[in-house]
Amino acid sequence: AASQAPEVQRVPLEQLVLRIKALQYPGTAAEVCARLVEPPSPVAVARAVDELVSLEALELTPPQAAKGQAAKGPGSGVQGPSEERLTALGVHLSTLPVDCRV
């Protein structure tokens, strides 16, 4: 009998990103997805994050400077990924079993 594809491959990536952020996994959505057994393409994850930002369900904030270190200035070459945070809308969308674009 044919086996069903894993849920991570059946749900829209936007919904997966919302769940990742709602469950507060450490790291960015791309970092969490990269640890999956069969990860989605990094480009597809970036597109999903961009879509959620455009829907105002997710906001990106500049990375925080590490505690005890001076903030690195522009051009220092040391820049981590932006922090991703759910907005109030994103929190509600993460609980609904529907496509976030609806």
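The model is a predicted one.

Helix H5 spans residues 88-95, and Gly90, Leu93 and Ser94 are its buried positions. Viewed down the axis of H5, these buried residues fall within an arc of 105°, so they line one face of the helix. An α-helix has 3.6 residues a turn, so residues three or four places apart point the same way. On the other side of H5, the exposed residues are Ala88, His92 and Thr95.

Side chains of opposite charge can pair when their charged atoms come close. Here the side chains of Glu84 and Lys21 meet at 3.4 Å, N to O. Because Glu84 lies in strand E2 and Lys21 in helix H2, the pair ties together parts that are 63 residues apart in sequence. Glu84 is buried, its relative accessible area being 14%. Lys21 also counts as buried, at 11% relative accessibility.

The structure holds two salt bridges. Besides the pair of Glu84 and Lys21, there is a salt bridge between the side chains of Arg85 and Glu83, at 3.5 Å from N to O. Arg85 has a relative accessible area of 38% and is partly exposed. Glu83 is partly exposed as well, with a relative accessible area of 28%.

How values were computed:
Residues are numbered from 1 along each chain as its sequence is written. This is a predicted model: local features need pLDDT of at least 70, side-chain atom pairs count only at pLDDT 80 or more; totals for chains, interfaces and linings use all residues. Side-chain values use heavy atoms; hydrogens and water are left out. Buried means under 20% relative accessible area, exposed over 50%, partly exposed in between (1.4 Å probe, protein chains only). Helices (H or I, at least four residues) and strands (E, at least two) are DSSP runs, numbered from the N terminus. The arc is that of the directions from the helix axis to the C-beta atoms. A salt bridge is a side-chain nitrogen of Lys or Arg within 4 Å of a carboxyl oxygen of Asp or Glu.
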